[in-house]
Structure formats: structure tokens, C-alpha cells
Amino acid sequence: MPKLQGFEFWSRTLGGARHVVAPMVDQSELAWRLLSRRHGAQLCYTPMLHAQVFVRDANYRKENLYCEVCPEDRPLIVQFCANDPEVFVQAALLAQDYCDAIDLNLGCPQMIAKRGHYGAFLQEEWDLLQRMILLAHEKLSVPVTCKIRVFPEIDKTVRYAQMLEKAGCQLLTVHGRTKEQKGPLSGTASWEHIKAVRKAVAIPVFANGNIQCLRDVERCIQDTGVQGVMSAEGNLHNPALFEGRSPAVWELAEEYLDIVRQHPCPLSYVRAHLFKLWHHTLQVHQQLREELAKVKTLEGIATVSQELKLRCQEDISRQKEGEKPLGGLPFFHWICQPYFRPGPREGSKENGGARSKRALEEEEGSTDVLSKNKQKKQLRNPHKTFDPSLKPKYAKCDQCGNPKGNRCVFNLCRGCCKKRAFKETADCPGHGLLFKTKFEKSLAWKGAQPRLQEPQQAGPGEPGSFPEVMGSALA
């Protein structure tokens, strides 16, 4: 059977999906996809998978795709990040039997994508992208799709989309933000860019950005003419978004935990989802934030969630007639509702003037101001402190400013000390560098060796003569 393309692929294979859950690293795992599908999602993506790791590591394939085969979890698109056509296609060939399409991530704006040279940091390399999409289109039995971010210029964004379509892309998701718009600088996504792309290409287009409720979905489709709308953060805070409902948080939290018991996933994923779901309640009952961060079992997380439910029910029983939600929220804190990321100014006020590189992620999983990584370190070592005022003060290296060795004879760090000791043929016992000692030992050893006797010259043609010895050696 020939491979379906474009609108035929969207209408027949994807069932004309309009409500789409985005690919989210560590967040769009099977359990969350199943929860979202139960509440109105018509298409889901896997988390972004690293193509090179997927090709070389069988355990990575098993953990992220092969062991998650579930008849309910279709239609499904597997997303890869890659920067090499051959590697991308090899990974896609290993995944194509478990999904309905393969997506190339051209939208990730994070620093890890910049270091790895993938995601949105490939958007200027059109020749490479053409080769990647063209090869995948030729080799795969399922369609290839792309998720992109926009350029500041609408006309360049349109040309970019047309190039991908010409190369063989069968469906395009357009996130209406540039790669610089992330974290506290996210701002508003440009639906004008998305609308221009939709008019310029002859393949289905999904819009991504500014989706907080079902009204936003309907308005986006009307304003841009796209075939579907993708949600990421809106879905994380309210998985029933596509149903047009805002249920009590504990309803969806309990349902999600039941699914996780049937389809296990790493505890860090579960914890992150609960932080998102209970976000507004944890601003009110902050003492339970630390409890949720510390528990180390699924049942422990369920216990904290149950305690949050009881606190909310107590708040409801004390609620006075005509009372309005605090903090300018549209609903009371125990109701699933959007989270509006603070801008740079609001964020700096909330954090006492400190700018956070990963504002939302650190806020969601923190106890007070600790990042997720610092929380993990503190769990391993409860006595560890991150208070700069309590950290020991180190004397600095005279050359580079790094901490110097306490017993260094040159008052330098080890790196600078090694260079100087080598240059001056000196010792530094404090750093265990013994260039002078080793040099002196080598001289002493050479002086103790007996001198070799000079070979006696033999007459021409006699045995042992120089030409004969050389000749035997060369032979």
C-alpha cells in the first residue's frame, strides 16, 4: 500500500486530529498520553528522543518506545532530534513500526540543543535539513513531519516552511515564537506567522502557542486556518483542556496515578506532573511542597496528593458566599486552570531581584528557591547547604582566580602550578609535582651507567668490519 501524504495522511491516518498534545521531554510519557486521550486529545507525540542514542542503545529504545506499545495510544508520532541524515533515518527505521509518523524536532530552543547542535539551532542550515527530510521521505514507510519555530521575519518563515514541504515534509507544526523566546522571555506567540505559513503551503499545519483553554483552541483555528492546535503547558496544568472542562485537581491527579500504576514511568516524571497539577494549591499550602519534593515512592506521592485534596476540601468548607479566588486567578486554587508564566520584571520581583535561567521548571520543583538538581543533592546529603554565606572561603590562585592549593609553594591552583613547575624544573610537594626530583634522578642514573667500549675496527673484508656488520643488520 502506498504511503499516505499530506491531507490524506492527516484525515485518514490521524483521523483529522484537531486537538494535539505536544512532545515534552520527560512529560509526554505513555501514562500522561493516555490520561490526555481520555480527556479530549486526539493525537499525541512521544517525548523528544535523541536519534544517535536511539540507534546505538537497545535499552534506550526499550525504555522510551518498545516497552510502551499500547493499542489505546494511537495515533502516535515519534519525535527525534538529529543533525545527521543517515543517523536520523536509521533511528526512524527502528521506530516506524511503533508509530504513525516520524517528526524531526526543529523547535527546541534550550541550551542543550545549542550544545548538541539540533532543534531550533538548525533552522539556518537549509541544505542539511533538505537532505534529512528528503532521505527520510524516500526511506521510511511512514510520513515524516516537522515541528519548527518561526523567524522574526514572516517572509523568511514562509520560505522556510515551503523548503521543508518541498523536501518531503507531510505535516508542519509551527510554534509561533522565535528560538530566543523562552523561559521568562517567552512572550506571546505570533499567530500572524502561523497564518502566513498555513496560506503558503499545501500540507496540513498545526499551531502551537498561546493555548490555555478550549476557547483559545477554537479561536486559533478560526484566526489562522490551521488543521489542528497543539498544547504543551496548557495541557500539563489541565489535561481536560480539550474537553473544555476545568475539574478539581484531585480528580485528574488520582486518575493519572492509577494509570501510572498500570504503566509505570520514572518517579521524577510523576513528581513533575503533580507539581504542575497542584501548582496553585502549593502556593497556598507551601509546607506540602517540600513533602512532595522529598517522597521517594509512588505511594508516597499519592499520600501527599491525598493530603492536598483534604486541605482543599477544608478550604471549600470554610469558603464564604461571594468570596473570590485569591491572586487574580480565574478559579479557586483547587481547580485545574492555566499557569501564566511571569515576565522578566514580574519574575525578578517574585525572586527578590534574582533572574532564573529556568524559571518555571525550578519554581515547580523547588523547596523555596532550590532547583531540581540541588534538591536531589540535598536528598543524598541532608547536611549539604547551598547558602553562599556558609560556604568555606578559599584563597585564590595568583594567576587564574581558581582556588589555590593550600600547600602550593607557588600559591597557585594545580593547573597553573603544573605549568610553572615544568617550565622551571621545580618541585611542588603540595600538588605532588616532582619535576626537579625526577630530573636529578635521571641525571644520577645516567652518571652511574658504565660507558660502552668502542668497537675495534676490522680490516677491509675481515669478519666484523663495519660494511659487513651493516650489511647483516640490513638483511
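Is lysine 377 buried, partly exposed or exposed, and what is its relative accessible area? Lysine 377 is partly exposed, with a relative accessible area of 40%. (Buried means under 20%, exposed over 50%, and partly exposed in between, with a 1.4 Å probe and protein chains only.) This is a predicted model, where local features need pLDDT of at least 70, side-chain atom pairs count only at pLDDT 80 or more, and totals for chains, interfaces and linings use all residues. Residues are numbered from 1 along each chain as its sequence is written, and side-chain values use heavy atoms, without hydrogens and water.

**Positive patch**
- Lysine 377 sits in helix 19. (Helices are DSSP runs of H or I with at least four residues, strands are runs of E with at least two, and both are numbered from the N terminus.)
- Lys374, Lys376, Lys377, Arg380 and Lys384 form a surface patch of positive charge.
- Patch residues have over 30% relative accessible area and no salt bridge, and like charges are joined within 9 Å.
- A salt bridge puts a side-chain nitrogen of Lys or Arg within 4 Å of a carboxyl oxygen of Asp or Glu.

**Backbone exceptions**
- Most residues other than glycine have a negative phi, and most peptide bonds are trans.
- Asparagine 411 has a positive phi of about 60°. It lies in the loop between helix 19 (372-380) and helix 20 (414-424), and is partly exposed at 34%.
- Threonine 425 has a positive phi of about 50°. Its loop runs between helix 20 and strand 10 (427-428), and threonine 425 is partly exposed at 35%.
- The peptide bond from arginine 74 to proline 75 is cis, with omega near 0°. Proline 75 belongs to the loop between helix 4 (58-64) and strand 4 (76-81).

Conventions. Patch = residues over 30% accessible without salt bridge, like charges linked within 9 Å, V, L, I, M, F, W, Y side chains within 5 Å. Areas by Shrake-Rupley, 256 points an atom, 1.4 Å probe, with all protein chains shown as cover. Lys, Arg positive; Asp, Glu negative; His and termini not counted. Charge placed at Lys NZ, Arg CZ, Asp CG, Glu CD.
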